[in-house]
Amino acid sequence: SPPLSVSPAADPAVISPQDPTLLIGSSLVATCTVSPDFPLKAEDLYWTLNGRRLPAASYAALGPSTLSVALARLNGSRQQSGDNLVCHSRDGGILAGSCLYVGLPPEKPVNITCWSKNMKDLTCKWAPGTEGETFLHTNYTLKYKRRWYGQDNTCQEYHTAGTYSCHIPKDLALFTPYEIWVEASNRLGVAVSDVVMLDILDVVTTDPPSDVHVSRVGDLEDQLSVRWSSPPALKDFLFQAKYQIQYRVEDSSEWKVVDDVGNQTSCRLAGLRPGTVYFVQVRCNPFSIYGSKKAGIWSDWSNPTAASTPRSERVAGGCDPKGGEQNTTLRRELKQFFGWVKKHAYGCSNLGIKLYDQWRVWLQKSHKTRNQV
Amino acid sequence: GDSWGIFTFLCAALCNLPALPALNCSEELGAGQSIQQTYDLTRYLEHQLRTLAGTYLNYLGPPFNEPDFNPPRLARAERVPSATVDLDLWRGLTDNARLAANYRAYSRLLCYLRVLDGQVGTAELRHRLAHFCASLQGLVLSIGGVMSSLGYPLPAGPAAPPAPPGAPAAPNDFLKKMDDFWLLKELQTWLWRSAKDFNRLKKKVPPAVVTLRLEARGF
């Protein structure tokens, strides 16, 4: 239908109420009053809600140029920008519109969890309280204050670890209890979560250990030695790290965890299968920061490092003789090749069987992601 | 997808620095290449806008996202630079005038889009809008570069003027939705027509680099 031509300065009509906010289930009577400049009468008008024509039975003429519509038991808004209630002239042209915001007040946000990376900052995440939807745009504000010190602070950097998260980058005191809470607000009201109390030192996490090396133990077929460095960020603080190792066979997705590593930076894995490639990861928990004896939060796992156990020349009762033999022959040849390359080609000193193993790790990872997509 | 666009934008931004006369990279780049780049950016923005507009209009809800939606253009909405000029009139303009009109229009459209970005509800929309604004900023710079390489002066005044005085924000939410609809619509038309403009300009400008400036001046 052809649009109205550009109109004079006044709007063609006025709707009341304009952009109201309503609770789900409530009813509404809206009126459309045509401006005196326009030669339109009440019977020339009709209403639509979100593009759908409303039944004439719900209309009533309240004056020569005023038409009302009755809406009962409203559902939650179809979109967060508001339902579009529009007053039209007979030919379909738009005279005026009003956005209806129909929904529910927010519920208390829940499950606030926080962590500090190397005692420098604090990131918190939470979940919205509502099981269903509020249908209205809800704003979340994370607030925090030092207990007994009065002043509320507001977190500014949102969505750093998912939608419902916030990051406080600085000016945090240690050995100090903080009160943290989240306020949810929308057009219909505000809801405040329960207050969480914590000390930064209670929720410290760190980077994964660096320089993870996995190597053979001489000719021992069933062992591998793992070495790593403690994460550099925490070396200034008095703490004891505890570590965990997990490892798996190349073709398996089942990780074995070594829990009792303590605070050493090396460990020997035993009881392994000969002639097998293993992937190994290490993670760190900054335990007992400043002597507090409390556990921190485990870091992410380090990137997987690969190594293989040796296999002696004589045939051990292996499960996959064909596959295993092919592997061994390939590896032997590769080693010989790399040795030759080192001698005869300059600048290739990084080539080695270790690099080949890292490539195997990468191959498996990218194969997995390709399969997931 | 995204990385190609950002790459193009960065190229456009880096290679078109009209503020540094000593380091006029566009001269080395050649007007021809500059125009090609601008054309490519325009097409990329057209593509991006399709997705952005689709998402945004769904956010506004029906009837805004209906294909035949054609609301009245109220007088207040005329502050958005309109692309619907008489086509013969448009073609009759000089290259300089056409380029200047494009430069000014996109600068203002960028302003309005940035305001939109500040108000929009969902994170996805904010992300898309931010990305689009960055690309559009690249287009403005790119057009500036083309004008420099052809020896035309850039339109006077700030590249991105503040909201023009006497144009108040929409008095109610529904009228604001209409403003947003027209902003996207005009943007669509501008980009569609700019692509044609740059395509035609490409054919006019010879590939030679050195004598380019002199030839352009005599145009």
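Predicted model: local features only at pLDDT ≥ 70, side-chain atom pairs only at ≥ 80, totals over all residues.

If you want to find A:Ile24 in the viewer, look in the loop of chain A that runs between β2 (21–23) and β3 (28–34). Why does A:Ile24 count as partly exposed? Its relative accessibility is 33%, and the partly exposed class covers values between the buried limit of 20% and the exposed limit of 50%.

Now let's turn to the interface of chain B and chain A. Here are its totals in one place.

| Feature of the chain B and chain A interface | Value |
|---|---|
| Residues of chain B in contact with chain A | 23 residues |
| Residues of chain A in contact with chain B | 26 residues |
| Buried area | about 1800 Å² |
| Share of the buried area from carbon and sulfur atoms | 60% |
| Salt bridges | one |
| Residue pairs in polar contact (both at pLDDT 80 or more) | 11 residue pairs |

Which side chains meet in the salt bridge? They are those of B:Asp173 and A:Arg187, with 4.0 Å from N to O. On the side of chain B that touches chain A, the elements giving two or more residues are α3 (31–60) and α7 (173–204) of chain B. Of the elements on that side, α7(B) gives the most, with four residues.

Terms used
Residues numbered from 1 in each chain as written. Chains lettered and ligands numbered in written order. Heavy atoms only, no water. Buried < 20%, exposed > 50% of the residue type's maximum accessible area, 1.4 Å probe, protein only. Contact = heavy atoms within 4.5 Å. Buried area = accessible area lost by both parts, 1.4 Å probe. Polar contact = N/O pair within 3.5 Å; in protein donor to acceptor, adjacent residues only side chain to side chain.
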